[in-house]
Amino acid sequence: MRLIIVFLVILSFKRCLSQDFSRVDSLALSKVSLKFKSVDTLVHSLVTELITDEDKYRAIFTYLSEKMTYDRGGSTTNILKNKPIGNCSGISNQYKELCLLAGLKCDVILGKVIQP
């Protein structure tokens with residue numbers, strides 16, 4: 001009996017660790033080519049069908065990863081533009097803004113890169 005309980009605990013723990021984000025990613029990627037009138041409607045469209053906060057964080061991350069282009073030279077992070085670009089801080093701040101609009105906790109941690 002104990003062996004069965006241990007097996008079930010291990011099986012359920014493994015299932016928790018192997019989250020499948022394919023549905024969340026497809027939902028987020030389907031929104032990339034759409035035009036939104038406001039950032040609020042964008043966020044609502046991204047997270048309205050999702051239940052867990054983890055899925056909401058992932059959807060916002062996937063959307064930004066596909067929508068924005070990284071450019072370390074500068075940042076025009078208006079996510080509603082056709083081809084928004086951003087540097088590290090611009091993309092981080094955009095992610096934080098979308099998370100806060102979705103009712104998710106998010107902070108940007110500042111750092112300094114030191115090159116030899």
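Q: How much space lies in the largest pocket?
A: In this predicted model, the largest pocket holds about 160 Å³ of space.

Q: Which residues line the largest pocket?
A: The lining consists of Cys 88, Ser 89, Ser 92, Val 108, Ile 109, Leu 110, Gly 111, Lys 112 and Val 113.

Q: What makes up the lining of the largest pocket by class?
A: Five residues of the lining are nonpolar, three are polar and one is charged. Gly counts as polar, so Gly 111 of the lining falls in that class.

Q: What is the largest cavity lined by, and what is its volume?
A: The volume of the largest cavity is about 50 Å³. Its lining is formed by Leu 34, Lys 35, Phe 36, Tyr 63, Lys 67, Ile 79, Leu 80, Lys 81 and Asn 82. By class these are five nonpolar, one polar and three charged residues. A search of the whole structure for cavities of 30 Å³ or more finds one.

Q: What pattern does the protein chain follow along the sequence?
A: The pattern is α-α-α-α-β-β-α, which comes to five helices and two strands.

Q: Why is Val 32 called buried?
A: Buried means under 20% relative accessible area. Val 32 has a value of 17%, so Val 32 is buried. Val 32 sits in the loop between helix 2 (22–30) and helix 3 (39–47).

Q: What is Val 32 in contact with, leaving aside its neighbours within four places in sequence?
A: Val 32 is in contact with Tyr 63, Glu 66 and Lys 67. Contact here means heavy atoms within 4.5 Å. The C-alpha atom of Val 32 is also 9.5 Å from that of Thr 62, a residue 30 positions away along the chain.

Q: Why is Cys 99 called buried?
A: The relative accessible area of Cys 99 is 0%, and the word applies under 20%, so Cys 99 is buried. Cys 99 belongs to helix 5.

Q: Which residues does Cys 99 contact, leaving aside its neighbours within four places in sequence?
A: The contacts of Cys 99 are Tyr 57, Ile 60, Leu 104 and Cys 106. Cys 99 and Phe 61 lie 38 residues apart in sequence, and their C-alpha atoms are 9.4 Å apart in space.

Q: Which residues of helix 3 are buried, and what do they pack against?
A: Val 39, Leu 42, Val 43, Ser 45, Leu 46 and Val 47 are the buried residues of helix 3. They pack against helix 2, helix 4 (53–67) and helix 5 (88–101). Leu 46, one of the buried residues of helix 3, touches Leu 27, Ala 28, Lys 31, Ala 59, Ile 60 and Tyr 63, not counting residues up to four places away in sequence.

Q: How many residues has the largest nonpolar core, and which have the most contacts inside it?
A: The largest nonpolar core has 23 residues, and those with the most contacts inside it are Leu 42, Leu 46, Ile 60, Tyr 63, Ile 79 and Leu 98. At least two residues of this core come from each of helix 2, helix 3, helix 4 and helix 5. Helix 3 supplies the largest share, five residues.

Q: How many residues has the protein chain, and what share counts as buried?
A: The protein chain has 116 residues, and 31% of them count as buried. Its accessible surface is about 8600 Å², with 59% belonging to carbon and sulfur atoms.

Definitions and conventions. Residues are numbered from 1 along each chain as its sequence is written. This is a predicted model: local features need pLDDT of at least 70, side-chain atom pairs count only at pLDDT 80 or more; totals for chains, interfaces and linings use all residues. Side-chain values use heavy atoms; hydrogens and water are left out. Helices (H or I, at least four residues) and strands (E, at least two) are DSSP runs, numbered from the N terminus. Buried means under 20% relative accessible area, exposed over 50%, partly exposed in between (1.4 Å probe, protein chains only). On a 1 Å grid over the protein atoms alone, a cavity is a set of points where a 1.4 Å probe fits but cannot get out, and a pocket is an open set with protein on both sides within 12 Å along at least five of seven lines; lining residues have an atom within 4 Å of a point. Grid points are joined across faces, edges and corners, and a volume is the space filled by probe spheres set on the points. Accessible areas come from the Shrake-Rupley method with a 1.4 Å probe; for residues, only the protein chains shown count as cover. A nonpolar core is a set of buried Ala, Val, Leu, Ile, Met, Phe, Trp, Tyr and Cys residues joined through side-chain atoms within 4.5 Å.
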